[in-house]
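Subject: Structure for your review

Dear colleague,

Please find below the structure that I am handing over to you. My findings follow it.

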Amino acid sequence: MFEQKYPEIKIVEVGPRDGLQNEKKAIATEDKISFINALAEAGLQNIEATSFVKPQAVAQMSDSSEVFEQVFSPLSQKGKVISALIPNMKGFEQALALGIKDIALFTATSELFNKKNINATIDESFERQKLVAQEAKKRGINIRVYISTAFGCPYEGEIPVSQVLNIYKRALEELSADEVAVSDTIGSATPKHVQTVIKAVKKDFGLKKCALHFHDTRGMALCNILTALENEIYIFDSAAGGLGGCPYAKGATGNVATEDLVYLLESLGVSTGIDMDKLSQASSFIFEKIEKSSTSKFLTSYLKAKQSV
Ligand code: HMG
Ligand code: MG
């Protein structure tokens with residue numbers, strides 16, 4: 001352990017979407033835009049900016065068109081990848097009209113979670129999103145597919161690895177996924193479980209397209225990421241300051257904090273290109289707006305140390 005030289009790591013910042021979607025207090029559209037711009041300025045290369053979902057399902061994302069329109073072109077021109085979560089053809093058409101080049105589709109290993117989250121069975125979710133994937137591919141749009149509840153479901157409990165593989169295969173074959181984000185929706189994964197899932201994915205599909213998306217509900221996210229790194233996963237999602245949670249996974253907290261992930265990676269000799277001062281400013285800005293404190297241990301100590309200087 002720790003002897004190998006890691007390749008470049010791709011970080012997908014999901015704070016503006018996964019991080020904010022669960023916030024009950026309405027956040028002003030211009031604050032979301034400022035947050036995304038600040039994340040880009042801090043050096044984040046891949047940012048999931050919003051979701052084109054039904055406003056009645058997630059009110060916080062109801063300004064997705066305004067947010068996406070304001071950030072997409074300017075940041076794309078700077079070489080940033082600005083993506084959005086898309087549930088169906090209606091959401092895709094809205095995003096397409098704004099020029100989207102990278103979409104994220106989503107389904108789950110669990111029937112009950114899918115029913116609550118997107119009002120569809122697993123099969124229905126594939127049928128719906130197949131149409132989106134076909135249209136996206138015709139236009140050369142990149143497709144990421146999230147597999148929620150891959151490490152456990154709030155309604156169905158344990159999920160067999162065979163079911164993760166089954167959904168992974170369908171994401172590749174039916175949705176032409178360029179990237180598959182195996183997701184720990186409720187933050188129940190542990191390193192041993194993570195290694196088991198990665199080995200199974202590696203055996204059946206290889207790991208080139210595999211990303212991991214950890215929520216940090218039980219404080220295991222960094223341990224899981226370290227395990228994943230040692231098992232040749234090089235794409236990780238995170239949210240500034242550890243923002244977030246899923247509206248349909250009660251009690252699940254935010255994604256692993258981007259600051260914590262960056263600190264870990266830099267300590268392993270991986271250059272992230274992220275300016276911690278600017279990232280901490282972006283996080284402080286948005287946490288002030290949502291009137292909460294960051295859960296990131298690194299960010300908290302970093303800000304305290306700065307104040308004491
Ligand atoms: P539905 O009600 O079954 O949809 O919702 P429908 O097709 O029956 O349409 C009902 C109405 O909604 C219609 O309007 C549609 O036009 C409208 P009406 O005719 O009644 O006036 N509608 C829409 N409006 C705007 N944008 C749309 C849209 N689609 C339909 N895209 C649906 C099904 C999937 C749309 C809904 O359940 C939904 O939007 N769900 C999203 C839930 C969500 O965002 N969850 C959180 C994100 S997933 C997540 O966080 C997990 C992840 O982070 C990974 C992990 O951690 O596990 C990715
Ligand atoms: Mg999530």
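The buried residues of α11 are covered by elements that include α2, α10 (258–267) and α12 (297–308). Please bear in mind throughout that this is a predicted model.

Helix α11 comprises residues 276–290. The residues of α11 that are buried are Met276, Leu279, Ser280, Ala282, Ser283, Ile286, Phe287 and Ile290. Around the axis they cover an arc of only 155°, and they therefore lie on the same side of α11. Gln281 and Glu288, on the other side of α11, are exposed.

Helix α2 (residues 29–41), one of the elements that cover α11, contains Ala38. The C-alpha of Ala38 is 7.3 Å from that of Lys278, although the two are 240 residues apart in sequence. Ala38 has a relative accessible area of 23%; because buried requires a value under 20%, Ala38 counts as partly exposed.

Buried in α8 are Val194, Val197, Ile198, Ala200 and Val201. Seen down the helix axis, the buried residues of α8 fall within an arc of 165°, so they line one face of the helix. The face turned away from this buried side carries three exposed lysines, Lys192, Lys199 and Lys203. The cover over the buried residues of α8 includes α7 (161–175), β6 (179–184), β7 (210–214) and α9 (221–230). Just after α8, Gly206 adopts a positive phi of about 80°.

The largest pocket has a volume of about 620 Å³. It is lined by 34 residues, of which Val53, Pro87, Phe106, Asn117 and Ile118 are the closest to its centre. By class, the lining consists of 15 nonpolar, 12 polar and seven charged residues. At least two lining residues come from each of α1 (15–19), α4 (89–97), α5 (111–118) and β5 (142–148). The element that gives the most to this lining is α5, with five residues.

Yours sincerely

Conventions. Residues numbered from 1 in each chain as written. Chains lettered and ligands numbered in written order. Predicted model: local features only at pLDDT ≥ 70, side-chain atom pairs only at ≥ 80, totals over all residues. Heavy atoms only, no water. 1 Å grid on protein atoms, 1.4 Å probe; cavity = no way out; pocket = protein on both sides within 12 Å on 5 of 7 lines; lining within 4 Å. Points joined across faces, edges and corners; volume = space filled by probe spheres on them. Helix = DSSP H or I, 4+ residues; strand = E, 2+ residues; numbered from the N terminus. Nonpolar A, V, L, I, M, F, W, Y, C, P; charged D, E, K, R; others polar. Buried < 20%, exposed > 50% of the residue type's maximum accessible area, 1.4 Å probe, protein only. Arc of directions from axis to C-beta. Contact = heavy atoms within 4.5 Å. Expected span 1.5 Å × (residues − 1).
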